[in-house]
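Please examine the sequence and the structure shown below.

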Amino acid sequence: MSSNPRNALLSSLLGHLDPVSLCQAVGMTPDPWQRTVLRSDAPRILLCCSRQIGKSTVAGIKAVHTAVHQPNSLTLVIAPSQRQAMLLFRSILVVYRKFGRPVAAEAENAMSLTLENGSRIVALPADQRTIRGFAAVDLILIDEASQVDDDLYEAIRPMLAVSGGQLLVMSTPFGRRGWFYRATTATDDAWQRFVVPATQCPRISPEFLLRERADLGEHRFREEYMAEFSDSSGSVFSGADLAMILSDLPTFDLQKRLAS
C-alpha cells in the first residue's frame, strides 16, 4: 500500500512541534525518562547516566529539533576531546538523515551542519581557545561532562546569558570532584536532574550487568552502570571517613592565635 502524502506531511509537522514525535518518526521508541527530557523546557538539564543508556539519542533529537524548529538557531556540541565531540555530532547527523533532512543543508562536514533556515550545529572539543568566540547560543550539549573542568564550564555558561538558551549536560560519574559532581548531588532547584542507572534501560539485560560487575569490580561498575559517584578505588580513606575525621578535630581559631 502506498503511503498517504498528507499523513507523511502531518507526521513531519508533528515532528517539528514535538521532539518525542520526531523521535518516533525516525524509528526510535523513547524510554519514559527520555520523553521527559525531550519535552522539557528547563533552562538547565543534567543527566547522570549509565553507559549505553541512550543519552546520545536524546542529544541528537534535541539538536535536530532545535535546528529545524528554530530558524537561525545555534547549537554547540561540546566534549572533552575532538573525537568525543565528533562521535556525538555523528549521532546528531544520523537523526537528521533518518528524519529525511526536513530542512536542506547548506554545508555539512564532520564537525558542523548549516541548514538553509540559518540554523547551525557545531561540534567542539573542550578548549577555551575555540569556545570563547561563540555567543547567543540556543542549545549547548556537553557530553562526558564529569571530565570537563570547572574553568571551562564557567567559560561556557555566559554563552546562554543573552539568548536564554538551554544547557543539557550528560555524563557517567567520574569521582567525587568537580562541578558535575556538585551539580548532581546538590539539593537546590538550579537543575532539572535525571539519574538513570542501567537497570532502568530495557535494552540492557541483567545477565550482561552481572558479567560487567564481576569483570570491572564494584567501584568501576557502580560508576559506569549504576550512575553512582564512588571514591577512588586507590583511596586509603573514603570521603565519608575523611569527613568524620575532620569533624573530630579541634577548632583552630587563627585570629586568637595571632592576637596572643
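Helices (H or I, at least four residues) and strands (E, at least two) are DSSP runs, numbered from the N terminus. The structure is a predicted model, in which local features need pLDDT of at least 70 and side-chain atom pairs count only at pLDDT 80 or more, while totals for chains, interfaces and linings use all residues. Residues are numbered from 1 along each chain as its sequence is written, and side-chain values use heavy atoms, with hydrogens and water left out.

L210 belongs to helix α9 (residues 206-216), and L115 belongs to strand β4.

Contact means heavy atoms within 4.5 Å. When residues up to four places away in sequence are not counted, L115 touches A67, V68, Y96, V103, A104, A105 and E106. The table gives a C-alpha separation for each leucine.

| Residue pair | Separation along the chain | C-alpha distance |
|---|---|---|
| L210 and F221 | eleven residues | 9.7 Å |
| L115 and S73 | 42 residues | 9.8 Å |

**The sheet**

Two strands pair if DSSP finds at least two bridges between them. An open sheet is formed by eight strands in the order β3-β4-β5-β2-β6-β7-β1-β8, and its pairing is mixed. β3 (105-108) and β8 (192-196) each have a single partner strand because they stand at the edges, so one side of each has no neighbour in the sheet. From one strand to the next, the twist averages 15 degrees.

Within this sheet, strand β2 (residues 74-79) is mostly covered, with six of its six residues buried. L74, L76 and I78 point one way from β2, whereas T75, V77 and A79 point the other way. β2 runs parallel to strand β5 (residues 120-125), and six bridges join the two; R120 in β5 is the bridge partner of L74. β2 also pairs in the parallel sense with strand β6 (residues 139-142), over four bridges. There, I142 of β6 is the bridge partner of I78.

**Helices and their packing**

Axes are lines fitted to C-alpha atoms, for helices over the stretch in contact, and angles run from 0 to 180 degrees between N-to-C directions. α4 lies across β1 (44-49), β2, β4 (112-115), β5, β6 and β7 (166-171), and runs at about 160 degrees to β7. Helix α8 (residues 178-185) lies across β1, β7 and β8, at about 100 degrees to β1.

How do the axes of helix α3 and helix α4 cross? The axes of α3 (residues 32-39) and α4 (residues 55-69) come within 10 Å and cross at roughly 30 degrees. Angles under 35 degrees count as roughly parallel, over 145 as roughly antiparallel, 65 to 115 as roughly perpendicular and the rest as oblique. α3 and α4 are therefore roughly parallel to each other. In their contact, W33, Q34, V37 and L38 of α3 meet K55, T57, V58, I61 and K62 of α4.

Notes:
Buried means under 20% relative accessible area, exposed over 50%, partly exposed in between (1.4 Å probe, protein chains only).
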